[in-house]
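Student: I'm new to this one. Could you walk me through it?

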Amino acid sequence: MASRRRTPIRDLPLPAGAHMSVAGGLHRAFERGREVGCRAVQIFTKNARGWKSTPLAPPDVKLFRDELEAGMAGATCAHASYLINLGAPGGPVAERSLAGIVDELQRCEVLGIPFLVLHPGAHMGAGEEAGLDRIAANLDGAHAACPGFRVRILLENAAGQGTCLGHRFEHLEGILARVHEPDRLGVCFDTCHAFAGGYDIRTSEGYEAATAEFDRRVGLDRIRIIHVNDSKKGLGCRVDRHEHIGQGEIGLEAFRCLVNDARLADVPKILETPKGDDMAEDFMNLRTLASLVGTSAVPPGKPKGRGKMPASRPAGTKRSTKQRSRAAGRRVLR
Ligand SMILES: [Zn+2]
Ligand SMILES: [Zn+2]
């Protein structure tokens, strides 16, 4: 599909952005981010589905750091490889995982990236407690191998597929309680994963309950990055499938609560929603989020959740759910 030229969204009213491709060089993520109007960016510093990493070349590091320091230093994060499993109970995967997370930390440190988002890990049948022990021990190992580093690992709440841990807030609580240096860890909160893990954030009451529990167990002040994703699958499905904002099972109300939550106002919010090379979907989703800023909850009696459109959408543009999902991948925006 031919790429369509777009004007960047000007003055995004919240610190939001998207995961960006690093095709053509790591620094290209910032160019792409600017093209859309992002105020935050997430990247992979290496192939997320492989173990190998090519050493960072000094000129590339300079290009990246120049861009980073030009404006997004506090709102940039890297996402660690999906292969890393700090919960693996021994064997080659366990060894590679520890080496892998140390390598990722070193790359972030060289690049000046402040946060590295990590899925806590899977216990592979060893059981939850054993898994949490293993994850904490490996995090201690990673910290010991990286003394004095400025980059922080952010444990991400998980969808809970298979034996993956982190879909219950008490898992994150358990890891933080076990590690030797909890102050070296932060947290990344993913809306899709929370919903898939069974936290019903579809209403303002549900959102309040879930964030209160998170605050009690983990601490909202530990959240350094928020992954803003709707979910293709239902509540408690333990399946990780991201959907465009307001077009999935979560619906707009949760995102309205989130973008207007003063406690999280300064936390960078990053989309990990499906998209094509021209990033049209990022424009769409960021505009949706922006349209929710400063709006109040839907009055009682109106349908909540799924299928609701942003308040700012002009009348006459409403479409059926079917039409909308057909257009979801490639909607043309204003
Ligand atoms: Zn995520
Ligand atoms: Zn996910």
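This is a predicted model: local features need pLDDT of at least 70, side-chain atom pairs count only at pLDDT 80 or more; totals for chains, interfaces and linings use all residues.

Student: What makes S4 and S6 a pair?

Tutor: Two strands pair if there are at least two bridges between them. S4 and S6 have 4 bridges, so they count as a pair.

Student: Which residue of S6 is the bridge partner of Phe115?

Tutor: That's Arg152. Helix H3 (residues 91-111) packs on the sheet too, touching S4 and strand S3 (76-79).

Student: How is H3 directed relative to S4?

Tutor: Their directions make about 155°.

Student: What do the strands build together?

Tutor: A closed barrel of 8 strands, running S1-S2-S3-S4-S6-S8-S9-S12, with parallel pairing. From one strand to the next, the twist averages 30°.

Student: Why is H5 called roughly parallel to H7?

Tutor: Helix H5 (residues 169-178) and helix H7 (residues 204-217) pack at about 15°, with axes 9 Å apart. Angles under 35 degrees count as roughly parallel, so H5 and H7 get that label.

Student: Which residues make the contact?

Tutor: H5 brings Phe169, Glu170 and Glu173, while H7 brings Glu213, Phe214 and Arg217. By class, that contact of H5 with H7 has 2 nonpolar, no polar and 4 charged residues.

Terms used:
Residues are numbered from 1 along each chain as its sequence is written. Chains are lettered from A and ligands numbered from 1 in the order in which they are written. Axes are lines fitted to C-alpha atoms, for helices over the stretch in contact, and angles run from 0 to 180 degrees between N-to-C directions. Helices (H or I, at least four residues) and strands (E, at least two) are DSSP runs, numbered from the N terminus. Angles under 35 degrees count as roughly parallel, over 145 as roughly antiparallel, 65 to 115 as roughly perpendicular and the rest as oblique. Two residues are in contact if their C-beta atoms, placed from the backbone, lie within 7 Å. Ala, Val, Leu, Ile, Met, Phe, Trp, Tyr, Cys and Pro count as nonpolar, Asp, Glu, Lys and Arg as charged, and the others, Gly among them, as polar.
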